[in-house]
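Visitor: I have a structure open and want to learn how to read it. Where do we start?

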Amino acid sequence: MKKIMILFAALCIAAACSAPVEKRAQVKIETDMGDILVELLNETPLHRDNFIKHVENGAFDGILWHRVIDGFLAQTGDSTSRHALPGEALGEGPVEDQMEENWVPAEFRAPQFFHRRGMLNAARQGDDFNPEKKSSMHQWTIITGKVYTDEELDRAQARITEWTNGQGVLTPEMREVYKTEGGAAHLDYSYTVFGQVLEGMDVVDSITKVATDSLDRPLNDIHIIKATLVQNYKEVK
């Protein structure tokens with residue numbers, strides 16, 4: 001019996017080793033200020049696949065980082081920014097971006113994934129027009145964020161409690177990250193986090209520190225030159 005059990009265990013280990021391993025998709029984002037490598041979460045498949053689709057069809061190539069705020073985020077994805085005039089207000093996107101049938105259903109995965117520094121999140125219309133908190137089909141941000149105090153996290157929790165009817169909680173683990181690494185705690189449970197930066201946060205920081213106008217648009221345009229899928233998430237052995 002002992003030999004049989006040992007053989008069974010060995011077979012189980014061999015089967016596990018030969019099972020397909022699921023990778024995460026990775027996208028290289030070339031900008032005027034340097035390259036950023038991001039990874040998309042398999043835990044948010046609707047946002048992952050939507051993002052990959054737009055990368056593959058060139059939707060992000062040539063567009064601007066149209067809203068940047070030091071200590072908060074860098075936002076892009078507005079296709080109308082590709083040929084925008086200097087000083088032109090951006091962020092509404094084309095007509096199709098404003099149609100609810102094109103929005104991506106929310107995929108909140110906190111406390112596993114939350115708005116810590118370096119995470120990608122999906123922009124969206126406000127709650128008055130979008131009570132289900134669905135995401136824009138194109139626009140997204142990279143969080144640079146700030147380091148929080150306990151008092152600031154308490155205030156963020158109060159906002160989250162109000163917005164989620166008490167369902168959203170900043171766990172002790174989340175709070176520790178916000179107090180050490182930083183992020184944007186007040187966005188948790190209201191915006192979908194769907195990826196993270198692997199390389200190039202120094203580039204993101206540089207983008208958010210440029211001079212901007214009253215609408216947070218950089219005075220000197222910063223483009224996404226090209227976005228390229230460098231690794232897909234398909235299962236491989």
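Guide: With cavities. A cavity is a set of grid points where a 1.4 Å probe fits but cannot get out, and its lining residues have an atom within 4 Å of a point. Keep in mind that this is a predicted model.

Visitor: How many cavities of 30 Å³ or more does the search find?

Guide: Two, over the whole structure. Take the second largest cavity, at about 50 Å³. Its lining includes Glu107, Phe108, Arg109, Phe113 and Phe114. Asp188, Tyr189, Tyr191 and Val193 are also among the lining residues. By class, that makes seven nonpolar, one polar and three charged residues.

Visitor: And what volume does the largest cavity have?

Guide: About 80 Å³. It has 13 lining residues, and Asn50, Phe51, Ser136, Met137 and Phe194 lie nearest its centre. Helix H2 (residues 45-56) gives the most to this lining, with four residues. The classes here are seven nonpolar, six polar and no charged.

Visitor: What about spaces that are open?

Guide: Those are pockets: an open set of points, with protein on both sides within 12 Å along at least five of seven lines. The largest pocket here has a volume of about 430 Å³. Of its 22 lining residues, Arg67, Gln75, Ala123, Arg124 and Gln139 lie nearest the centre. Strand E4 (65-69) and strand E5 (73-76) are the elements that give two or more residues to the lining. Its classes are eight nonpolar, eight polar and six charged.

Visitor: Now the packed parts. How should I read a nonpolar core?

Guide: In soluble globular proteins, nonpolar side chains tend to be buried together. In this model the largest nonpolar core holds 28 residues, and Ile36, Trp65, Trp140 and Ile142 touch the most other members. The largest share, four residues, comes from helix H5 (residues 201-208). A second, separate core has 11 residues, including Phe114, Tyr148, Val177 and Ala185.

Visitor: What does Ile142 touch, away from its sequence neighbours?

Guide: Its partners include Ile36, Trp65, Phe72, Leu73 and Leu120. Met201 and Val204 are also among them.

Visitor: Why is H5 described as largely enclosed by the rest of the structure?

Guide: Because six of its eight residues are buried. The buried ones are Met201, Val203, Val204, Asp205, Ile207 and Thr208. They pack against strand E2 (26-31), strand E3 (34-40), E4, E5, strand E7 (140-143) and strand E8 (193-199).

Visitor: Is Glu30 buried or partly exposed?

Guide: Partly exposed, with a relative accessible area of 24%. Glu30 lies in strand E2.

Visitor: How many residues apart in sequence are Glu30 and Ile225?

Guide: They are 195 residues apart, yet their C-alpha atoms are 5.3 Å apart in space. Ile225 is one of the residues that Glu30 touches, leaving out those up to four places away in sequence.

Note on methods: Residues are numbered from 1 along each chain as its sequence is written. This is a predicted model: local features need pLDDT of at least 70, side-chain atom pairs count only at pLDDT 80 or more; totals for chains, interfaces and linings use all residues. Side-chain values use heavy atoms; hydrogens and water are left out. A nonpolar core is a set of buried Ala, Val, Leu, Ile, Met, Phe, Trp, Tyr and Cys residues joined through side-chain atoms within 4.5 Å. Buried means under 20% relative accessible area, exposed over 50%, partly exposed in between (1.4 Å probe, protein chains only). Contact means heavy atoms within 4.5 Å. On a 1 Å grid over the protein atoms alone, a cavity is a set of points where a 1.4 Å probe fits but cannot get out, and a pocket is an open set with protein on both sides within 12 Å along at least five of seven lines; lining residues have an atom within 4 Å of a point. Grid points are joined across faces, edges and corners, and a volume is the space filled by probe spheres set on the points. Ala, Val, Leu, Ile, Met, Phe, Trp, Tyr, Cys and Pro count as nonpolar, Asp, Glu, Lys and Arg as charged, and the others, Gly among them, as polar.
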